Amino acid sequence: MRSRLGSRRALFPADFHLPARSSSSSKPPRPAPDSVYDAWLKSREMPQHKGSFLVPGAPRSLTLDNARLALYISQTCIFDLFKTLWGLHPLRATLMVTLNIVRSLFPAFRGYSQALIIDESLIGSGAFTWSRLLYLLSTEILRRVVEGFLDSLLSTNENIVLGSARFYIEYKQMEHRVRLDGPTLADPLVRDLLQESDLFARSFSGGGFGFISPLDFINIFSLLVEILSHLWLILTLTRDASCFGVLLFSIASAVLPFLLSRFAPSSSGYDDPISAKEARAAEKQERMRNLAYSDAHRPEVSLFGLGDWILNSWSAARKVVLASEQPISRTSNVHLADLMYALQNLPFLLILQTTNTTLGAITAYRTSIQCALFAVGNLVSTVKMAFQGLFLMSAFSASIKLKPRMQPKHEDLARYMSRPGGASIDVKGLSYTYPGCADPALRNVTFSLQAGETLAIVGYNGSGKSTLAKMLLRIIDFDKGTLHINGVDVRKYSPAEYHRHISAVFQGFSKFNASIKENVGLGNVDKMRYKPAIETAVHLAEADMLVESLPNGLKTLLETPGFESISYPGSMSYDSSSASQRYGLSGGEWQRIALARAFMRANEPEVDLLVFDEPTSSLDAHAQNQIFETINKISKTPSGDRRKTVIYITHRLSTARRADKVAMMDNGTISEFGTHDELMTKNGAYAALYRASI
Ligand SMILES: Nc1ncnc2c1ncn2[C@@H]1O[C@H](COP(=O)(O)OP(=O)(O)OP(=O)(O)O)[C@@H](O)[C@H]1O
């Protein structure tokens with residue numbers, strides 16, 4: 001328990017404190033949180049079941065404890081977030097808030113001005129004429145046209161501000177996600193935190209999840225202003241008009257425009273079909289999101305440093321999608337309901353000729369009562385959503401402070417210095433247990449490799465070969481022991497920098513839902529658009545014939561199992577074209593593509609270590625030999641000097657004897673280590689396995 005808390009603590013900056021969880025059941029009120037993360041975690045605790053947590057996204061109950069946490073969260077992160085979002089469009093944001101508040105005064109002002117016009121100009125003055133009535137109605141309609149125009153301007157401005165806020169939040173979310181490493185993401189609490197943070201980011205898309213964004217907090221203030229202004233108006237009117245029947249009649253008459261407005265056709269532009277460009281952008285955006293969030297792709301995203309490429313591609317596509325989602329602004333905000341609202345005054349005038357109640361009072365009551373009730377309803381639901389939204393906001397604020405677990409502290413950071421001949425490796429007593437497993441996958445692994453040497457790792461299934469490879473590649477961390485690369489503790493290297501000096505093929509390599517060109521080019525993003533580099537890599541992987549046989553050559557789109565493409569309206573016509581038809585590959589063909597991806601980078605001078613986890617398991621004997629020749633060629637200079645260290649895992653022991661050293665793994669540890677001849681002379685497990693395989 002202690003070490004687990006300790007490791008979680010390492011994820012957060014120094015000002016973060018993880019809560020000490022006690023098993024005591026007779027604990028008085030929860031202590032105040034000491035960080036946003038702490039507040040988020042406490043809000044998820046189930047009071048009746050100590051040690052149990054709400055599922056991500058579950059609403060928090062409205063308790064005093066949670067209210068305190070919500071207050072703490074609003075004090076701690078709302079201001080910072082508002083400041084940042086404000087900074088994106090300071091003038092537009094100021095305009096948005098100011099005009100929102102001014103707009104909230106409109107309804108009350110409208111009612112009051114109507115009352116004045118009707119009372120003083122028509123009744124009070126005693127100078128009723130039809131021409132004057134028409135004049136006032138025209139003025140009223142004109143005022144509404146102007147108001148509608150202003151509304152339309154406001155909504156355009158609001159769309160720009162909210163669009164930028166959305167983009168910023170989603171970008172931040174993606175930016176942190178692509179930089180997190182496997183060990184950090186393996187923590188269940190981190191997973192929950194990220195899930196709630198995702199919900200927060202998505203709440204900016206304008207609904208669907210039922211939570212609100214922080215900018216909607218402006219609504220609360222606006223609604224309060226609106227309610228207060230209506231109350232003021234009703235109180236003012238009640239002083240003179242004491243007839244309760246008029247009040248009731250006002251309420252009843254207010255229902256008509258409300259019903260009309262409910263049944264008015266929607267004027268949003270969201271239903272419009274989107275262009276092929278937008279459909280492509282929408283698909284690309286999801287593809288990039290999938291890459292950023294997918295655990296399956298994490299090792300290669302991390303190893304090949306794809307974070308920036310993903311972010312840039314996603315940004316470009318997201319901007320196109322956001323632009324296409326802007327609702328078409330209404331040319332006029334005058335609805336049938338609005339006109340009816342104005343014309344309803346006619347029957348009222350007739351009624352008033354037989355009573356002593358003023359039409360102004362009736363109209364104003366009707367407007368204010370309806371609006372005030374509506375605003376109160378809105379306020380209650382907005383506050384409820386804001387309460388939940390606050391906890392999601394805390395998840396977002398805490399998640400963007402997460403530190404990748406394998407990133408060394410700034411003061412411990414060491415620069416990777418290449419050595420002639422390749423990387424030297426010194427491993428002592430490495431042990432590792434996968435999270436949630438009882439038995440270690442690696443135990444007390446020890447060996448060393450000189451720069452430029454070749455090592456074949458062999459052994460039974462499940463003996464820990466791939467785990468050791470991932471550890472050498474810094475995809476996972478070890479629990480015990482030491483690993484020195486070029487004489488430096490590997491934990492002192494920034495993983496991103498270390499990965500620039502490595503190329504690899506994983507046993508479960510990624511099959512990207514993209515063209516062959518992209519699938520190969522991702523091995524070296526800088527040269528992705530450089531066709532000769534892609535062609536060379538394809539050639540080294542013996543995949544030329546394969547590419548030539550496909551209809552669109554390097555541009556052929558590959559079909560990958562397991563990728564869930566999200567369909568968009570309008571994307572059907574785009575997908576049905578022959579250029580976007582996808583082709584499946586066989587296991588061996590995919591393996592060649594993965595090898596080509598590794599070769600894209602393997603040839604670069606700064607790459608010192610090549611790791612291949614069963615690189616030829618699906619290839620025929622001829623191709624297998626060719627690939628090993630290629631690996632051998634890449635690892636040496638043209639004059640035959642060693643320049644890269646090579647490690648490969650293989651079940652084909654005929655290939656193991658090519659290596660300088662062989663490591664035989666058994667039950668998570670290296671049981672035999674030496675040259676092929678030495679191990680054959682030893683006549684142990686390796687010799688037995690070798691004899692069995694030929
Ligand atoms: N992600 C994981 N979570 C939990 N346990 C795992 C995980 N990956 C591997 N293991 C376990 O760790 C042990 C070593 O697995 P590893 O994949 O390293 O074996 P291997 O020698 O590469 O096997 P193979 O020859 O079948 O590829 C196995 O017992 C396996 O079940």
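Predicted model: local features only at pLDDT ≥ 70, side-chain atom pairs only at ≥ 80, totals over all residues.
The chain as a whole contains 27 helices and 14 strands. Of its 694 residues, 37% count as buried. Among contacts in the chain with a separation of 6 or more, 79% are between residues 24 or more positions apart.

The crossing of α2 past α3 is left-handed. On the α2 side the contact involves V36, A39, K42 and S43, and these meet N66, L69, Y72, I73, T76 and C77 of α3. The contact of α2 with α3 is made up of 6 nonpolar, 3 polar and 1 charged residues.

The second pair is formed by helix α20 (residues 531–540) and helix α23 (residues 587–602). Their axes come within 8 Å, with a crossing angle of roughly 125 degrees; α20 and α23 are therefore oblique to each other. The crossing of α20 and α23 is right-handed. Residues A533, A537, V538 and L540 of α20 meet A596, F599 and M600 of α23. By class, the contact of α20 with α23 has 7 nonpolar residues, with no polar and no charged ones.

L185 lies in helix α6, which covers residues 182–186. Within 10 Å of L185 there are 17 other C-beta atoms. A residue is buried at 20 or more such atoms and exposed at 12 or fewer, so L185 is partly exposed. When residues up to four places away in sequence are not counted, L185 touches L180, V190, R191 and D295. T482 lies 297 residues from L185 along the chain, and the C-alpha atoms of L185 and T482 are separated by 23 Å.

Terms used:
Residues numbered from 1 in each chain as written. Helix = DSSP H or I, 4+ residues; strand = E, 2+ residues; numbered from the N terminus. Contact = placed C-beta atoms within 7 Å. Left-handed = near helix turned anticlockwise from the far one by under 90°. Nonpolar A, V, L, I, M, F, W, Y, C, P; charged D, E, K, R; others polar. Axes fitted to C-alpha atoms, helices over the stretch in contact; angles between N-to-C directions. Parallel < 35°, antiparallel > 145°, perpendicular 65-115°, else oblique.
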